[in-house]
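Please look through the sequence and the structure below before reading on. The explanation that follows goes from helix packing to single residues.

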Amino acid sequence: MSEAAIVRDVDASGSQGYSYDRFKQEGTDTSHGVILYLENITVSFDGFKAINNLNLDISVGELRCIIGPNGAGKTTMMDVITGKTRPTSGTAFFGQTIDLTKMTEYEIAHAGIGRKFQRPTVFEQHTVFENLELAMKTDKRVKPTLFARLDSEQIGRIEEILTLIRLRDQAQRLAGLLSHGQKQWLEIGMLLMQEPQLILLDEPVAGMSDAETARTAELLNDLRGKHSIIVVEHDMGFVEEIAQGGKVTVLHEGAVLAEGTMQQVQSDERVIEVYLGR
């Protein structure tokens, strides 16, 4: 397929409409306005508590930044949410009724939780367009996959994601030839193709140039309110760009040390002492 065939007209602002409604999951009860509940979560490894009585809730459409020193429990928290690690005690619910502690990693991903790790993992020998196509939420059994042909709606979905992740002009380029930042954007796009309600991003701007970091902030701000997003990050400048008056949670020794706006946590003496420094 030629690049011209996958590119559509954009509006005067240079952006294309993104049909978020198609990403709404069925079966997730968010009637109380909260998509994720972690209550009294503890994770012990041979007596060491990586997570210690952690309580956290994420609202529908919220972009929450999680910060804290190394060893604070940020990765373990994400492992619990995605089913990679079982909590020693406590409860974790996706919406009102989906108990994450009783589900496999695959079941959790299928329910609508997507995770991106720090190191990008894309199919380097395939084009950007093909990476998004491969990530599309479709029947992945062998026979349907072999005989599948993209319909106009599916092509339109890929086009929208290409525009959103700033890779529309790279659609026919091999993913292995992209810059580090572009690979990160592509992987976020691949997550979006899975139609998630909740997205977990682990240090998304690590190793990026200043320009790439700024564009990643723009991308996440575009997603604000359309998906619920948890961002674990050490780059405080980037966190300031995407926090925008929302909540920032500071973890320390496996528990919430402080929570509030970026300004509030930056001025918290406990946070200054254990993480930000003076």
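This is a predicted model: local features need pLDDT of at least 70, side-chain atom pairs count only at pLDDT 80 or more; totals for chains, interfaces and linings use all residues.

Begin with helix α4, residues 128-135, and helix α6, residues 152-164. Their axes are 10 Å apart and the angle between them is about 120°. The two helices are therefore oblique to each other. The crossing in which α4 passes α6 is right-handed. On the α4 side the contact is made by Val128, Phe129, Leu132 and Glu133, and on the α6 side by Ile158, Ile161 and Leu162. By class, the residues of this contact comprise 6 nonpolar, no polar and 1 charged.

Helix α4 also packs on α7, and here the axes come within 8 Å and cross at roughly 30°. That angle makes α4 roughly parallel to α7. The handedness is again stated for this pair: α4 passes α7 in a right-handed crossing. From α4, Val128, Asn131, Leu132 and Ala135 take part, and they meet Leu186, Gly189, Met190 and Met193 of α7. The contact of α4 with α7 holds 6 nonpolar residues, 2 polar ones and no charged ones.

Which residues of α4 are buried? They are Val128, Phe129, Asn131, Leu132 and Ala135. These residues are on the same side of α4, because they cover an arc of only 160° around the axis.

Asn131, in helix α4, deserves a separate look. Is Asn131 buried or exposed? Its relative accessibility is 0%, so Asn131 counts as buried. Apart from neighbours within four places in sequence, the residues in contact with Asn131 are Val122, Phe123, His126, Ala175, Leu186 and Met190. Asn131 and Met193 are separated by 62 residues in sequence, while their C-alpha atoms are 9.9 Å apart in space.

The axes of α7 and α8 are 10 Å apart, and the packing angle is about 15°. This makes α7 roughly parallel to α8. The crossing of the two is right-handed. Gly181, Gln182, Trp185, Ile188 and Leu192 are the α7 residues in this contact, and in α8 they meet Glu212, Arg215, Thr216, Leu219 and Leu223. The contact of α7 with α8 includes 5 nonpolar, 3 polar and 2 charged residues.

Helix α2 is a case of burial along a whole element. The buried residues of α2 are Lys74, Thr76, Met77, Met78, Asp79, Val80, Ile81 and Thr82. Charged side chains are part of that list, Lys74 and Asp79 being among them. Just after α2 comes Gly83, with a positive phi of about 85°.

Two residues other than glycine also take a positive phi. One of them is Arg166, where phi is about 65°. Arg166 lies in the loop between α6 and α7, the latter spanning 180-193. Its relative accessibility is 18%, and residues under 20% count as buried, so Arg166 counts as buried. Glu203 has a positive phi of about 45° although it is not a glycine. The loop that holds Glu203 runs between β7 (198-202) and α8 (210-223). Glu203 is buried, with a relative accessible area of 17%.

Last comes the protein chain taken together. Its secondary structure comes to 11 helices and 10 strands. Of its 278 residues, 51% count as buried. Among contacts between residues at least 6 apart in sequence, 69% join residues at least 24 apart.

Note on methods. Residues are numbered from 1 along each chain as its sequence is written. Side-chain values use heavy atoms; hydrogens and water are left out. Axes are lines fitted to C-alpha atoms, for helices over the stretch in contact, and angles run from 0 to 180 degrees between N-to-C directions. Helices (H or I, at least four residues) and strands (E, at least two) are DSSP runs, numbered from the N terminus. Angles under 35 degrees count as roughly parallel, over 145 as roughly antiparallel, 65 to 115 as roughly perpendicular and the rest as oblique. A crossing is left-handed if the near helix is turned anticlockwise from the far one by less than a right angle, and right-handed if clockwise. Contact means heavy atoms within 4.5 Å. Buried means under 20% relative accessible area, exposed over 50%, partly exposed in between (1.4 Å probe, protein chains only). The arc is that of the directions from the helix axis to the C-beta atoms.
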